[in-house]
Amino acid sequence: MAEASNAEKTEPASAKRLSDARKNGDIPRSREVATFTVLMTAGAGLWMLGGGVVDKLSTTLQRGLSLDREQIYNPNVLIERVTADIGAVILACLPLALAIMLVAVVSPLLIGGWNFTAKSFMPNFAKLNPMNGIGNMVSTNALVELLKAVAKTLLVGAVAWYVVMSEKDAVIGLAVEPLGTATAHLGGLIARAFMIMVASLGAIALLDGPYQKWHYANKLKMTRQEVIQESKESDGNPQIKGKIRQMQREMARKRMMSNVPTADVVVTNPTHFAVALKYADGQKGAPKVVAKGTDEVAAKIREIAKENKVVLLEAPALARALYKHTDIDDEIPEALFSAVAEVLAYVYQLRAYTKGSSDHYPDRPNKLPVPPEMDPFNPASQKQQT
């Protein structure tokens with residue numbers, strides 16, 4: 001069952017899963033890379049600073065073993081001398097120690113980076129479960145760690161054997177060299193052997209770094225169902241979101257319908273389109289679209305307009321152009337100013353006739369100046385779009 005479950009994890013980890021893993025202290029790490037960088041720094045530091053450190057330590061040791069009568073019989077003088085010697089040893093080793101500490105702190109940046117989380121300090125009793133421990137012992141990762149340990153042992157052993165055999169004559173020759181020369185020679189041989197063996201660990205580190213990144217990404221892979229579930233939790237259930245959008249559209253439609261009674265005129269297609277226009281005397285700007293719709297919405301707009309005695313004017317080209325090129329609360333386009341002006345003039349004359357302030361019934365405008373490119377059903381407009 002576990003293998004089947006792992007086989008289903010085909011999706012790469014999401015940004016949220018990676019972020020949660022980091023918060024829990026789960027990040028990719030390579031002990032081989034960290035070990036190699038620290039050991040290489042120690043070896044390089046000894047190679048470059050070892051001579052000075054040895055000289056300082058030798059001088060301090062000689063001075064420490066040379067005691068005069070006052071130091072022997074005066075404890076205070078002896079304590080001061082020992083304290084000074086300890087300080088000299090610390091100062092001699094401090095540059096190398098600081099270099100190693102700096103590399104140990106910076107090396108995590110190579111893989112995984114720094115990660116500070118308090119959850120790592122919290123007790124995790126699941127780690128005490130013997131079944132989990134047995135599972136970890138027989139896991140693929142445990143097998144890889146075993147192979148790495150065997151490879152390191154064989155590699156370092158082979159390199160050490162090669163170094164010893166290549167320097168066999170030099171090691172034997174140390175016995176006939178003066179003490180000072182032999183000591184310096186031996187130190188050089190040890191440093192060279194150390195650097196070669198540490199360099200061999202670099203091969204393990206070069207393989208382990210990419211492997212740890214791959215293992216980490218593979219461990220955090222998700223199933224398709226997990227991706228869908230996370231998307232629902234992060235963005236909301238699509239069905240609920242669809243329902244909310246539907247409610248928002250319904251509320252917007254109701255607000256739009258409430259504006260129809262305040263309109264000056266409703267321009268129709270006559271059945272497929274309906275656009276309600278409003279222009280208040282003294283207002284700045286052009287007339288505005290307060291409602292628009294097609295088919296059932298257009299029929300509702302016409303119905304509300306009739307109930308509230310709003311003028312209905314059949315002007316197919318103008319209705320289509322207004323619907324295509326405007327949104328709710330938008331001013332009409334400049335290209336339609338002339339056509340809408342004729343419509344509003346007709347509306348104002350019709351109001352005057354209805355109120356009895358005019359004896360002449362206005363003529364309904366027939367040929368409104370609607371530019372062909374503004375009408376979406378006009379061939380000229382379709383040609384322009386293509």
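Exposed, for a residue here, means over 50% relative accessible area. The close-ups below come from a predicted model, and that cut-off matters for the opening view.

**View 1. Asp-329 sits in a loop with a positive phi.** Asp-329 belongs to the loop between H13 and helix H14 (337-355). Its relative accessible area is 51%, so Asp-329 counts as exposed. The backbone is worth a look too: phi of Asp-329 is near 75°, a positive value in a residue other than glycine. Most residues other than glycine have a negative phi.

**View 2. Asp-295 also has a positive phi, but in a helix.** Here phi is near 50° for Asp-295, again positive in a residue that isn't glycine. Asp-295 is found in helix H12, which covers residues 295-307. With 44% relative accessibility, Asp-295 is classed as partly exposed.

**View 3. Helix H9 carries a bend at Ile-204.** H9 has 41 residues and spans 57 Å from its first C-alpha to its last. That's close to the 60 Å expected at 1.5 Å a residue. The bend at Ile-204 is about 25°.

View 4. A pair of aromatic rings is described by the distance of the centres and the angle of the planes. The structure holds three aromatic pairs. In one of them, the rings of Tyr-211 and Trp-214 have centres 6.0 Å apart and planes at 35°, so the pair is tilted. Both residues lie in helix H9 (residues 179-219), three residues apart, or about one turn of the helix.

View 5. Phe-273 is buried, with a relative accessible area of 11%, whereas Tyr-323 is partly exposed at 27%.

**View 6. Ala-274 is buried in strand E2.** Ala-274 has its place in strand E2 (residues 273-278). Its relative accessible area is 0%, so Ala-274 is buried. What does Ala-274 contact, leaving aside its neighbours within four places in sequence? The list is Val-266, Val-267, Thr-268, Ala-291, Lys-292, Gly-293, Ala-298, Ile-301 and Arg-302. As for Gly-293, 19 residues separate it from Ala-274 in sequence, yet the two are 5.6 Å apart in space, C-alpha to C-alpha.

**View 7. Strands E1 and E4 run parallel.** Strand E1 (residues 265-268) and E4 pair in the parallel sense over four bridges. For strand E4 (residues 311-314), Val-311 and Leu-313 make up the covered face, and Leu-312 and Glu-314 the uncovered one.

Terms used: Residues are numbered from 1 along each chain as its sequence is written. This is a predicted model: local features need pLDDT of at least 70, side-chain atom pairs count only at pLDDT 80 or more; totals for chains, interfaces and linings use all residues. Side-chain values use heavy atoms; hydrogens and water are left out. Helices (H or I, at least four residues) and strands (E, at least two) are DSSP runs, numbered from the N terminus. Buried means under 20% relative accessible area, exposed over 50%, partly exposed in between (1.4 Å probe, protein chains only). Contact means heavy atoms within 4.5 Å. Rings of Phe, Tyr and Trp (its six-membered ring) pair if their centres lie within 6.5 Å; planes under 30 degrees apart count as stacked, over 60 as edge-to-face and the rest as tilted. The expected span of a helix is 1.5 Å times one less than its number of residues. The bend at a residue is the angle between axes fitted to the seven residues ending there and the seven starting there. Two strands pair if DSSP finds at least two bridges between them.
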